Structure formats: C-alpha cells, structure tokens
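Let's walk through this model together, one piece at a time. Keep the structure open beside you and find each part as we reach it.

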Amino acid sequence: MESLIQQLAFFAELPSWISWGSVIAALLILSYTGAPLWLWAAAGLAALTGFGAPVWLVATYLVLAVVFNLKPVRRVLFSGPIMKLLDVLNILPAISETEQTAIDAGTVWMEGELFSGKPDFKRMMNESYPDLNDKEREFLDGPVEELCGMVSDWDVFQRRGFDDETWKYLKEKRFFGLIIPEEYGGYGFSANAHSAIVSKLASRCGPLATTVMVPNSLGPAELLMHYGTDEQKNHYLPRLADGREIPCFALTEPNAGSDAGSMQSTGEVKMDDNGNLYLVLNWDKRYITLAAISTVIGLAFKLYDPNEYLGKGKTLGITCALIPSDTEGVELGKRHDPLGVPFYNCPTRGHDVNVPIDAIIGGKEGAGNGWRMLMESLAVGRGISLPAQSIGGARMAFRAVGAYAAIRKQFGLNIGKFEGIEEPMARIGGYTYLMDASRSYICGALDQGAKPAVVTAIAKYNFTELGREVINDAMDIVGGAGISRGPRNIFAHSYIATPIAITVEGANILTRTLMIFGQGAIRSHPYALKEINALMEKDVKAFDDAFTKHLGHVVQNKVRALLLSITRGHIGSSPGSGATAKYYRKLNWASASFAFMSDIALGSYGGALKMKEKLAGRYADILSWMMLATATLRRFESEGQREEDRIFFEWSMQHAFYRIQTAFDEIYSEIDVPGLSWVFRGPVGLWSRINRIGKKPSDKLGHKVAQAMQQRGEQRDRLTDGIYISTSTDEAIGKYEHAMKLIEQTYPIYKKLYKATKAGKLKKGNVLEQLDPALDSGIITHEEANRVKETENARFDAILVDEFTLEEYNKSAVTPDEDKGMKEEKNPLMA
C-alpha cells in the first residue's frame, strides 16, 4: 500500500510552487463554484496521494470522508451532536408563535437571490416590469385627473377636509373599490395601477391620497377578499366599492403600537338563551384612519372562549371581525390632529359591544387567525400605498424644483447654476429615478402573486426615508417659497406630513432594525429557517441536510467574497453590456460579501442577534440598497438603456453602492466575532476602505443631472409622468411651467442682451432696465422687448409667495371658548 501511494505521488516530481499552487487553485475553484461534498472528498484524496502522504493519514482521511458523505453515519456522529449543542447554547434564535406567523407570511422573492451570495441575474432581469393596461390608463387619465382638478390642497387644509362635491365624486367613481373585483362592483385594478393612482393623488393633495389609499390597503375590503365567507363578500364588498359603506381598520392601541401583538382589546365567545353564539367586545384603539366617519369597523382583538364553544381551546389569539359603527357600545366621533394634516385619524372605543359570531372575518373558521391575516395583507400593502405617496411627492419635487431653479435668479444667475443648488437637485433627480424603478419592479412582483414581506418592508422604509430627503432638499432649494404657506406653496404640506409616513405601517426604526434584516436573515436566508425549524421539531434528518449545506454555503461565499473583492467583481458573471456590466459585477461582489457577513453575524450572536438592532440596521441598509440597485438595473435595461437617461442611472447606481460601502465599513468596525473582532476592525476594514465597492457620485455627474432637470422636453415629461400638472397660471405649478416655457423660448433674446453687455454696448444691471437702450441700439426689436417683459413678469409672478390680511389670517384661529372644549386623550392607567 505504501509503495502504491508513493508511485501515485505525482506532485513529487513537480516544483513545490506548482504543487501547492495547484492545490490552492483547486480549493478556490471548488469553493467558488460550490462543489458537492463528494467532489471535495475526491479532490482531497487526490491531493494526499499526490503528495505521497503516509498510509495512516490517507486511511484517516478516507474514514472521515465516509463519515461526512454517508448521511446516516453523518447524522449519528456529526449532525446529531451539533444539533444538541446548538440547542443547549441557544445559538440559533428561538421564534415565538407571533414571530413565526410573521416570518411565514408572504413569500421570498429577489431578496432570496441577494441573500444567496450568488444571485441569478437572468431570473432577476426577467421579472415583470409592468405598464398600465388600457382600462387602468383610462381611469388614471379620466376620473383621477378630474378628481385632482376638483381639489385644492390649500383649501383642504383650510377647511380641514373635503367638500361635499368631492366626497360625492369619490363614491360615484368608486375610488374606494380600486382593489375590489369587478364581480362585486369594484375595478379589480392591479397593484401597479393602485400604486399609480395613489401616486398621482399624492402629487396633488396628501390627504386626498391618504383617504383613497386606506380603504384600498389593509382593511375590511382586503381582508374580506382573501379570507371572508361568501356571505360576507356578497354583503360588504359591493357596498364598500360604491361608498355606501366607509371602512376603517382598528389595530393600534395606547399600549400596542409597533408591538401590535401586545394588544389588550378583547372578545369573548358567549351563548344566548336560544343557543346562538355571539361575541362581547371591548376595545380602546387610536390613530385609526377614517374611524370618525366610518360605517363599518374592521377590528383586531384577542379572542377568548372560556367555555370552548368553538372547540379551539380557551385562548384563540388575535382575531379580526367587522363591526357596524352604529352598534350599541361603539364610541366614535372624535379625531386626532396628526401634525395639522386634515385626514380623518381618530380614536375608537367599544364597551361590551355585542355582535353575532359570524362577524368574525371568515366566520368561525377565522377565529384566532387574525394575526396571519394581518401579516399576509401587510406583506403586500407595505409595498404599495406609502411608497406610492413618496414617489408621487418625489416626481413633483423633480418637476417643480427643476423649474424653480431655472426661474429664480440671484446674483444675476439662475440659482440652478450654483453648485450648492446642484448638489441637492442631483439627489432629487437620482432618488426619483431609483424610486420609480423600484416601484414598478416591486408592483410587478405583487401582480404576479408574490407576497415578499421583506421586500415590501424595504420599500416602505426606504421610500419614505428617501421621500423625506427629497422634501428636505426641495425646501432648502426654494427657501422662503417653501416656508410661506398658501396656495402658491407646493412643498410645505408635504414637509409637514412627512413624519406621518415615517411612523405608520411599522415605524421606520422598527422596520429597519427588526423587519428587514432581523426577520429577513431568517426568512430569506437559504438555510437558517430550515435549521431553526429542525431544532424546534428535533428533526435530525432535516437539520443534517440544512446544516451541511449551510456550511458549504459559508465556505463558498467566503471565497467568492474574497475573489470578487480582489478582482473588483470581474471574475463574476455579468449579463449586462455597456453601462450596466460593471454594476452587475459589483452587485455580485456585494451579494457574496453580504451573505458571508450575514453568516458571521448569525454565528457570532446566535439568538442574541435580534437584540443587536444597530448592527441589524446596517445589514438592512446593504440589503435595501442591493434591492434598489437591482430594480434600477431592471428599469434601465427594460427601457432600452436610453442614453439620455444614463446620467440618472449612473447617479442612482453609484449612490447605491456608496451606501452599501458605508454600511459595510460600519459593520466591520462594530461587529463582535469571538477571537476575531480585530481581523474585521483591522485588516478587513482597511482593505474595504482601500478597495471600495462604491463612492459618492462625482460633482460632474451631479451637475449633469441637475442641468437635465432644468430642461423642458420629452425626458423631463417622461421622468415625471404620472403626476397632476395644472395648466392654469392661477396655480403654483402652472405658474412654474408657464415661466419656464417663456424663459426657454426667449433664451435667444437674452443671449443677445448678454453678448451686448459683454461687449460693453449695454450697462450691467437689471434686464428690464436694458431694454430701452437695447432698442435704441437696434440690438433687439420691439416684439423681442415685449417678449422679455412678458417673461420677466412671469418669472416674478412665479417666485411670489402668499400674503394675507390680518382678518384673512385669523379666520382659522381657535377662539378661547373653542380651546376650552378640547380635551386630552384619556389615560386608562389614571382612570
């Protein structure tokens, strides 16, 4: 045997650098490609024999190879003991029942590819990138356009609500039935259309968008469509579609906000003298949109059945039911004042409210299934409503700020020529392009039946945060025109309302630090959830399968991350061409590094990872920006790589990878890895800073984006498509558009005046003061002078702000007598 091995020692005749180089190369190739375990075993045996290893070493290796390649043996000698050890040490996080429901809600979509470390770009780029169908486009261009024209955002804030004509139109045109199927009198619109409608309404009036989006999001209609009985659907859905019923959904409570599972509202199953089952409900809810004017309340509560009439135990859990608002014991009629934004946001209470058992959504079978219903519905809804509002506001900011920067002059120049203005303008332009790409990409998945809870959480968090940056930048650029409220002010109300979107449907702090990565690391990881479930079920076979594959996954991503980093992604595949190729390579690199570092975090913190919220937030940032970059790639590809849009694409992609780089640097400096923290804080962190995956978009690129935003034409119209643009010069955006058009048309005349001034033929100064000398000198004609006057008048009118007489201003003031009638929300703990 010894002699045979010596005869097979083929490395002995080769220089050592070739021998060891070959072994290292083989290891890297096997690791990078994720070779199966048997191939590793064969390669190891070849290496040992090639180096002429002693018999005892080869024999030991063969025994180990058999142990790890024969599953029954491996389970007994390796996986079983590891499973027991992990259980004792609590390495993997325990999952509560409510957490399990939240994790199980929905599906895994593109985030699974990014978590894999080896994304399938072909699949990612073949995902739907939808457009509206004819019926949806007709509704957007017809009733939605008309509704926007009926409503003045300023008037809505002044009157603190809509007029009767607006409410009537909302019901007549079935705006509350956008998602309800046609068979029940609704429109059955796609998620893409739903998003487009809310986005357009938001560009006109925030409270209008909120009022329409809430009944079409998480609420009675959504829950009935998926979980209601036929009787419930037939009764409620037609009435919800045509506005006979105004719904609200009551979830949040004083002691149950982000932690909705801790709600204290209760329902108890009882039986009357005739043997009929009914519920006795008690609740105290707040922040409930439309509650004060609702006719039916969707209510979430904890259901108890002490006599086990339903045969499901005494504590059934969270349940959802429909309560007619006029039921005895229901308290309505009050409202909150969310930052002065006039949409109905209200408290509601119920005291010993009796309703029949079939008020439960889904009937008796729906008892105790409310949490699952809510999580599955939110898995979709988070990706539509609030992201749509944000992109509507961003598109309006893109268009209005671009016009304002071309109109407003200071120091003799349009302010859009100043670099200090260009920088925030570039952010507005880049964010709008990126958000619009992501909106369509995610809606396309929802319309294909996906319910990607992690991706919709990414959308909710990032769209509202980017929307906040956009409105802040817009306010900075327009200055006094942004802080002086009135009909001329386009941005003030959006600025005021921004914290509302940040807070609702899962506060952004919670969404970033818990949902995106905390739950995403379990739900979207290829093996983590399988391992946890196997541990909880004591299933050695399932654990063995998941754990051994997980080990291979870690090794593969470690090597992929290393090689992709060294080669700056060039070793990886890139299905793109031209401008997109380098970004596919970077995305490959980022995904491998993210997947490896995710496993480092899971292994280092185990069950305590869910409490490391700061660290989880940085992982969430990486996953978020990889997702946004993917959507941006998809948009640029699907639109044929328009050359004129390349500056917006490049800015968006560069910013995405800059944010990814920042998050990686922060992880390396903060992560605690037993015995190895110094490696990440030192060599790894240093290498990351030297060999950066991304950096900020250049000033030169930002300049191009800002200048493009100030040019009228097809590109500007296309990139801001889907917002309401009034053509009336009595409205702010109409004034901007009119002035911008005149400035563009009269540019050749201004150029004549500029050249004459430069040549010393005209004195420097106000352009209107130059007109008479220019006429006398024959530099311009009388018609041209009149056109300049018209342009300057339009420019001046566009930059004016609103002003009010003292009497007008005091109309909305609260009198002392009215103030006495206002009461604070009751604290049940002080009662």
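Strand S2 (residues 266-271) pairs with strand S4 (residues 296-304) in the parallel sense, over three bridges. Here, two strands pair if DSSP finds at least two bridges between them. Helices (H or I, at least four residues) and strands (E, at least two) are DSSP runs, numbered from the N terminus. To find this pairing, look for Thr266, which stands opposite Lys302 in S4.

S2 also has a partner in strand S3 (residues 277-289), and these two pair in the antiparallel sense over six bridges. Lys270 has Tyr278 of S3 as its bridge partner. Five residues lie between the strands of this hairpin, and Gly275 takes a positive phi near 85 degrees there.

A word on what you are looking at: this is a predicted model, in which local features need pLDDT of at least 70 and side-chain atom pairs count only at pLDDT 80 or more, while totals for chains, interfaces and linings use all residues. Residues are numbered from 1 along each chain as its sequence is written, and side-chain values use heavy atoms, with hydrogens and water left out.

Now for some helices. Helix H18 (residues 419-447) and helix H19 (residues 453-478) pack at an angle of about 155 degrees, and their axes are 9 Å apart. Axes are lines fitted to C-alpha atoms, for helices over the stretch in contact, and angles run from 0 to 180 degrees between N-to-C directions. H18 and H19 are therefore roughly antiparallel (angles under 35 degrees count as roughly parallel, over 145 as roughly antiparallel, 65 to 115 as roughly perpendicular and the rest as oblique). Contact means heavy atoms within 4.5 Å, and the residues making it include Ile421 and Tyr431 of H18 and Phe463 and Leu466 of H19.

Which helices pack at an angle of about 175 degrees? They are helix H33 (residues 767-776) and helix H34 (residues 782-799), with axes 10 Å apart. That makes H33 roughly antiparallel to H34. Among the residues in contact are Leu771 and Leu775 of H33, along with Val788 and Glu792 of H34.

How far can you trust the picture? pLDDT is the predictor's confidence in each residue, from 0 to 100. The chain has a mean pLDDT of 91, and 95% of its residues reach 70 or more. Where pLDDT is low, the predicted coordinates should not be read in detail.
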